[in-house]
Amino acid sequence: MQQKVTYLSVTMRVFGSGLNKFLKRLFMAFSAKNVIVNNRVEEPQPAPLPVLNLNKEEIEILLNLVRESHFKGEHVQKIFELVLKLQDYYIKLP
């Protein structure tokens, strides 16, 4: 058992620095903002938005929560627009 541990530690010292550099390059490739393929820079594509399927009951809950809340200043316009979208979605539901 001691021989295996010694062999492993020697192997890690010999290959460790090269392995460490390799792993850093590998992980940096996954975190890159732009990817260069065949001398062309390719921008990453944004992830598609999930489809939001709400039933009438869920929309009613949200609208009631908004109705019972108090909003001030800059939030009033955004909440108003959001409520209009929810109401429109609610009306279109079967």
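The conversation below covers the fold, the confidence, the core and the surface of this predicted model.

Trainee: What does the secondary structure come to?
Mentor: The protein has 3 helices and 2 strands. Read from the N terminus, the order of elements is α-β-β-α-α.

Trainee: Where is confidence lowest, and where is it highest?
Mentor: Helix α1 (residues 2-30) has the lowest confidence, with a mean of 56, whereas α2 has the highest, at 92. For the protein, the mean pLDDT is 74, and 60% of the residues reach 70 or more.

Trainee: How much of the chain is buried?
Mentor: Of the 94 residues, 7% are buried. The accessible surface is about 9300 Å², and carbon and sulfur atoms account for 63% of that area.

Trainee: Which residues make up the largest nonpolar core?
Mentor: That core has 6 residues: Leu54, Ile59, Leu63, Val83, Leu86 and Leu93. Helices α2 and α3 are the elements that each give two or more residues to this core. As a general point, nonpolar side chains in soluble globular proteins tend to be buried together.

Trainee: Take isoleucine 59, then. What is it in contact with, leaving aside neighbours within four places in sequence?
Mentor: With those set aside, isoleucine 59 is in contact with Leu54, Leu86, Tyr89, Tyr90 and Leu93. Among these, Leu54, Leu86 and Leu93 also belong to the largest nonpolar core.

Trainee: Changing topic: which residues form a nonpolar patch on the surface?
Mentor: Ile61, Leu62 and Leu65 form such a patch, and together they have about 260 Å² of accessible area. Leucine 65 lies in helix α2, which spans residues 56-67.

Trainee: And how many salt bridges does the structure hold?
Mentor: It holds 1 salt bridge. The side chains of lysine 92 and aspartate 88 meet there, at 3.3 Å from N to O.

Trainee: How are those two placed along helix α3?
Mentor: Lysine 92 and aspartate 88 are separated by about one helical turn, because they are 4 residues apart in helix α3 (residues 74-92).

Trainee: Is lysine 92 buried or exposed?
Mentor: Lysine 92 counts as exposed, since its relative accessibility is 65%.

Definitions and conventions:
Residues numbered from 1 in each chain as written. Predicted model: local features only at pLDDT ≥ 70, side-chain atom pairs only at ≥ 80, totals over all residues. Heavy atoms only, no water. Patch = residues over 30% accessible without salt bridge, like charges linked within 9 Å, V, L, I, M, F, W, Y side chains within 5 Å. Areas by Shrake-Rupley, 256 points an atom, 1.4 Å probe, with all protein chains shown as cover. Salt bridge = Lys/Arg side-chain N within 4 Å of Asp/Glu carboxyl O. Buried < 20%, exposed > 50% of the residue type's maximum accessible area, 1.4 Å probe, protein only. Core = buried A, V, L, I, M, F, W, Y, C linked by side-chain atoms within 4.5 Å. Contact = heavy atoms within 4.5 Å. pLDDT = per-residue confidence, 0-100.
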